[in-house]
Amino acid sequence: MNPLYAKSVIVLANVLMIAIRAPHGRRSRETPVAKSRKGAMEVVLLKIALATYFLTLVWVATPFLAFADYPLHPVPFCAGALCMAIGMWLFRQSHNDLGANFSMSLEMRKRHQLVTHGIYRHIRHPMYLAFFVYLTGQSLVLPNWLAGPADGVAMLLLFAFRVGPEERMMFEEFGTEYGQYMAATGRLTPRLRSLRRW
Ligand code: SAH
């Protein structure tokens with residue numbers, strides 16, 4: 001298949017992801033930060049994520065990474081595009097459910113509320129799951145050994161180092177309410193008990 005198909009899907013998906021995030025990012029920037037846990041590690045991880053995102057754009061717009069290209073096949077391309085669409089849907093749902101409580105980083109906002117409805121009723125980190133599904137899809141769509149998996153690896157690193165501190169921060173803020181919420185939900189997949197209540 002012509003790599004232009006991959007480039008078109010990636011550009012379109014990026015535009016949609018930016019459009020989904022834009023109003024939530026704006027609202028988040030307008031809501032004062034009550035508490036921040038954005039340490040040096042978090043800053044480094046966000047920079048790595050930004051660098052790998054840039055790598056994707058370099059592959060789309062320039063021939064610099066062509067040495068690591070491989071042929072694009074229809075099956076991974078279609079499976080990848082489907083994963084990207086599911087990831088985008090999950091991203092949109094998570095943003096809608098999280099509302100004004102969203103932050104790019106480890107921060108509590110003024111009047112922060114614990115969200116336990118919608119997708120958050122079953123999973124504690126649906127937005128991270130959305131990125132995993134989306135980036136798995138992107139790695140299938142993007143036929144390059146470097147740019148293909150880079151974003152997903154950066155997300156894995158971010159998740160591995162962030163999820164523990166994030167849950168500790170939430171527990172400090174909401175105490176037993178968050179403890180009970182943790183007991184009823186899974187990090188990335190629903191607990192069986194919570195599914196039965198669905
Ligand atoms: N980890 C979540 C949220 C990502 S946005 C997800 O993957 O869906 C990151 C910010 O969301 C964190 O800094 C925290 O302030 C906030 N947050 C995480 N879980 C939350 C919840 N259940 N209710 C309210 N805010 C939450």
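Colleague: How do the residues of the shell around the ligand divide into nonpolar, polar and charged?

Modeller: A residue is near a molecule if one of its heavy atoms lies within 4 Å of it. Ala, Val, Leu, Ile, Met, Phe, Trp, Tyr, Cys and Pro count as nonpolar, Asp, Glu, Lys and Arg as charged, and the others, Gly among them, as polar. Here the shell holds 13 nonpolar, six polar and three charged residues. Of the 22 residues around the ligand, E107, V115, Y120, H125 and E166 come nearest. This is a predicted model, where local features need pLDDT of at least 70 and side-chain atom pairs pLDDT 80 or more, while totals for chains, interfaces and linings use all residues. Residues are numbered from 1 along each chain as its sequence is written, and side-chain values use heavy atoms, leaving out hydrogens and water.

Colleague: Which polar atoms lie 2.8 Å, 2.9 Å or 3.0 Å from the ligand?

Modeller: A polar contact is a pair of N or O atoms within 3.5 Å. A polar side-chain atom of H125 is 2.8 Å from a ligand nitrogen. Ligand oxygen atoms also lie 2.9 Å from a polar backbone atom of S105 and 3.0 Å from one of Y128. The protein buries 99% of the 540 Å² that the ligand exposes taken alone, by the Shrake-Rupley method with a 1.4 Å probe.

Colleague: Where does the ligand sit?

Modeller: Rolling a probe the size of a water molecule over the atoms shows where empty space is left. A pocket is an open set of points on a 1 Å grid over the protein atoms alone, where a 1.4 Å probe fits, with protein on both sides within 12 Å along at least five of seven lines; lining residues have an atom within 4 Å of a point. The ligand sits in the largest pocket, meaning more than half of its atoms lie within 2 Å of the grid points.

Colleague: Which residues lie nearest the centre of that largest pocket?

Modeller: They are R21, F102, M104, M127 and F131, out of 49 lining residues.

Methods
A polar contact is a pair of N or O atoms within 3.5 Å; within protein, one must be able to donate a hydrogen and the other to accept it, and residues adjacent in sequence count only if both atoms are side-chain atoms.
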